[in-house]
Amino acid sequence: MATIQINPFGRRQRLRNNEFMTYCTEVQTAIEKAGTGADALNCETAAQNFSQALAAYAEAIVVVSKSAITKQIDEADRERDDLFVGLTEHIRTAQRHYDPDRRVAAAALMPIVDTYAGTQIRPAADETSYLNNFMDDMRAEKYTAYRTALDIDGWLAQLQTANEKYVSLSEQRATDQSTNIVGNSKTTRKALDKAYSELVQVLNALCLVNGEEKYAGLFAYLNTRIKYYEDLVARREGTAAAKAADDNTGTEQTAE
């Protein structure tokens, strides 16, 4: 009669998404190495169900960086870059215009241009806020005559449209990805957890029926990995508990 088994792993529910996927991938790799056929572990159906559940889970939690909307975001980003650069160059060039009114207007607006120089190469989130500030400064009432002299209100309107388009597309992608990750990961993790439990039950039963020889190496390996992740969760919970205790102590001392 077999005396070994794959140990219970109750704390797997507390693993983070990537940790659970890593553990399950280790399980899959170890089983494939041992062999699932009748001459080996004899667990083809359970192993296949587990692999399929793992693949679905992995797809659900991995954020796909390239998508149709990503292309639109890149295009909107280039459009606002081009408009910003074009507008600021238009103002710079006007400093050399033969019309004195245009030269005066350009000179009045150049401090704003200089302040926001390089906005187009800033990180995306920073660029969005910088462009908003740039447009607010340019549209100040005291610059109305200068904007009119340089005919730049149309530029500003186009820049605002491009900037708002970029923001809207970015928010849409974030929402789509969040919905995919949060919604699908819960469903697929539950399915993977069920497939894992069934796989463990099958392997433990097969070991009991067929004897330990074919299963000893696999079980020993999986039990070391279970202990590793159990310890990982325990350390994290211990650290969190210690921090909470410290925070509470600090709060009590402050209150005194």
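Colleague: OK, to start with, what share of the residues of the protein chain count as buried?

Modeller: Keeping in mind that this is a predicted model, 35% of the 256 residues in the protein chain count as buried.

Colleague: And how many helices and strands are there?

Modeller: The protein chain has 8 helices and 0 strands, so from the N terminus on the order of elements reads α-α-α-α-α-α-α-α.

Colleague: What percentage of the contacts with a separation of 6 or more comes from residues 24 or more positions apart?

Modeller: Residues 24 or more positions apart make up 77% of those contacts in the protein chain.

Colleague: Let's turn to helix 1 and helix 2. At what angle do their axes cross?

Modeller: The axes of helix 1, residues 17-34, and helix 2, residues 44-61, cross at roughly 150 degrees and come within 10 Å; with over 145 degrees as the cut-off, the two helices are therefore roughly antiparallel to each other.

Colleague: Is that crossing left-handed or right-handed, and which residues make the contact?

Modeller: The crossing of helix 1 and helix 2 is left-handed. On the helix 1 side the contact includes Phe20, Met21, Cys24, Val27 and Ile31, while helix 2 contributes residues including Phe50, Leu54, Tyr57 and Ile61. By class, this contact has 11 nonpolar and 5 polar residues, with no charged residues.

Colleague: Changing topic, how many residues are in the largest nonpolar core, and which have the most contacts inside it?

Modeller: That core has 35 residues, and Ile31, Tyr196 and Leu203 are those with the most contacts inside it. The elements that give two or more residues to this core are helix 1, helix 2, helix 7 (153-210) and helix 8 (216-255), and the largest share, 8 residues, comes from helix 7.

Colleague: What does Leu203 touch?

Modeller: Leaving aside residues up to four places away in sequence, Leu203 touches Ile6, Ile31, Leu41, Cys43, Tyr215, Leu218 and Phe219. There is also a second, separate core of 22 residues, with Phe84, Ile91, Tyr116 and Ala162 among them.

Note on methods
Residues numbered from 1 in each chain as written. Predicted model: local features only at pLDDT ≥ 70, side-chain atom pairs only at ≥ 80, totals over all residues. Heavy atoms only, no water. Axes fitted to C-alpha atoms, helices over the stretch in contact; angles between N-to-C directions. Helix = DSSP H or I, 4+ residues; strand = E, 2+ residues; numbered from the N terminus. Parallel < 35°, antiparallel > 145°, perpendicular 65-115°, else oblique. Left-handed = near helix turned anticlockwise from the far one by under 90°. Contact = heavy atoms within 4.5 Å. Nonpolar A, V, L, I, M, F, W, Y, C, P; charged D, E, K, R; others polar. Core = buried A, V, L, I, M, F, W, Y, C linked by side-chain atoms within 4.5 Å. Buried < 20%, exposed > 50% of the residue type's maximum accessible area, 1.4 Å probe, protein only.
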